[in-house]
Amino acid sequence: MKTFAVLVTLWLSGILAISAQEDNNSRYIEVTGSSETEIIPDEIHFMITIKEYWQEEFEKKSKPEDYQTKVPVNEIEHNLMSALKQAGIAPSDIQTKEVGDYWRERGKDFLISKTFDIKLQNPDQINRIIQTVNTKGIQSMNIGELKNKDLQKYRKQGKIEALKAARQKADYLVAAMGQKLGNVLRIVEPEERSFSYFQPQSAMSNVAIPSYDSNPENFRTIKLRYQMTARFEILPAE
């Protein structure tokens with residue numbers, strides 16, 4: 001029994017010694033750094049949805065139950081294409097994305113809709129489109145995806161700057177305690193998030209950005225924000 005007790009004591013002592021050593025070696029500080037970058041897009045996708053409508057809608061004395069003259073989608077599309085041409089948009093930059101609709105008003109004909117993805121090179125083209133297009137038959141207009149050919153480079157630089165910010169933060173916090181910052185022990189990159197279609201500027205970030213007004217004037221830049229978390233060992237001051 002004494003031998004067994006001695007062995008148990010030695011075994012427990014070994015565990016305590018190892019634990020103490022691990023605790024000593026795991027003295028660290030973990031911080032999160034962030035960076036923000038604004039990029040001018042070189043490709044803008046402007047989405048326009050057209051839909052058949054009743055001519056009587058625009059006659060003040062008409063009532064919905066009296067609507068009879070439907071303006072077909074082909075006519076609306078023809079007018080839209082003429083307006084886009086006048087705004088300087090090439091046919092090759094216009095793609096059809098969706099056709100149809102999911103709802104029919106009871107007792108009325110089905111109204112067909114069509115969505116177009118228009119590729120632009122600068123935000124000023126949006127203003128020209130708005131000024132030339134006939135809004136009759138236009139169901140919606142909104143900005144979709146914003147792109148930049150060097151986006152990958154900006155993403156990489158944004159993450160590097162976030163890591164540098166994390167180290168600077170850790171450095172002054174540890175120095176305030178009279179200690180020194182050691183080697184990096186761990187780096188955590190948050191998962192990149194998906195965002196709604198109306199938040200293109202944050203689509204490549206790993207941090208959520210609050211929603212905002214969808215006015216075209218607010219979409220002149222792609223806003224990237226990154227956060228990186230890093231753990232550094234803490235060394236005693238010399």
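**View 1. The three-stranded sheet β1-β9-β8.** An open sheet of 3 strands is arranged in the order β1-β9-β8, and its pairing is antiparallel. The edge strands, each pairing on one side only, are β1 (28-39) and β8 (179-188). From one strand to the next, the twist averages 35 degrees. Helix α4 (residues 151-176) packs on this sheet and touches β1, β8 and β9; the direction of α4 makes about 145 degrees with that of β1. Helices (H or I, at least four residues) and strands (E, at least two) are DSSP runs, numbered from the N terminus, and two strands pair if DSSP finds at least two bridges between them. Axes are lines fitted to C-alpha atoms, for helices over the stretch in contact, with angles running from 0 to 180 degrees between N-to-C directions. The model is predicted: local features need pLDDT of at least 70 and side-chain atom pairs count only at pLDDT 80 or more, whereas totals for chains, interfaces and linings use all residues. Residues are numbered from 1 along each chain as its sequence is written, and side-chain values use heavy atoms, with hydrogens and water left out.

**View 2. Pairing of β8 with β9.** Strand β9 (residues 222-236) pairs with β8 in the antiparallel sense over 7 bridges. Within β9, Ala230 is the bridge partner of Ile187.

View 3. Glu30 is found in strand β1. Its relative accessibility is 38%, so Glu30 counts as partly exposed (buried means under 20% relative accessible area, exposed over 50%, partly exposed in between; 1.4 Å probe, protein chains only). Not counting residues up to four places away in sequence, Glu30 touches Arg186, Thr229, Ala230 and Arg231, contact meaning heavy atoms within 4.5 Å. The C-alpha atoms of Glu30 and Thr229 are separated by 7.0 Å, although these residues lie 199 residues apart along the chain. The side chains of Glu30 and Arg231 are joined by a polar contact of 2.9 Å (a pair of N or O atoms within 3.5 Å; within protein, one must be able to donate a hydrogen and the other to accept it, and residues adjacent in sequence count only if both atoms are side-chain atoms).

**View 4. The four-stranded sheet β5-β6-β2-β7.** In this open sheet, 4 strands follow the order β5-β6-β2-β7 with antiparallel pairing. Its edge strands are β5 (94-99) and β7 (138-147), each pairing on one side only. The twist averages 20 degrees from one strand to the next. Strand β6 (residues 113-120) and β5 pair in the antiparallel sense over 5 bridges, and Lys114 in β6 is the bridge partner of Val99. Helix α3 (residues 124-132) packs on the sheet, touching β2 (43-51), β6 and β7; the direction of α3 makes about 20 degrees with that of β2.
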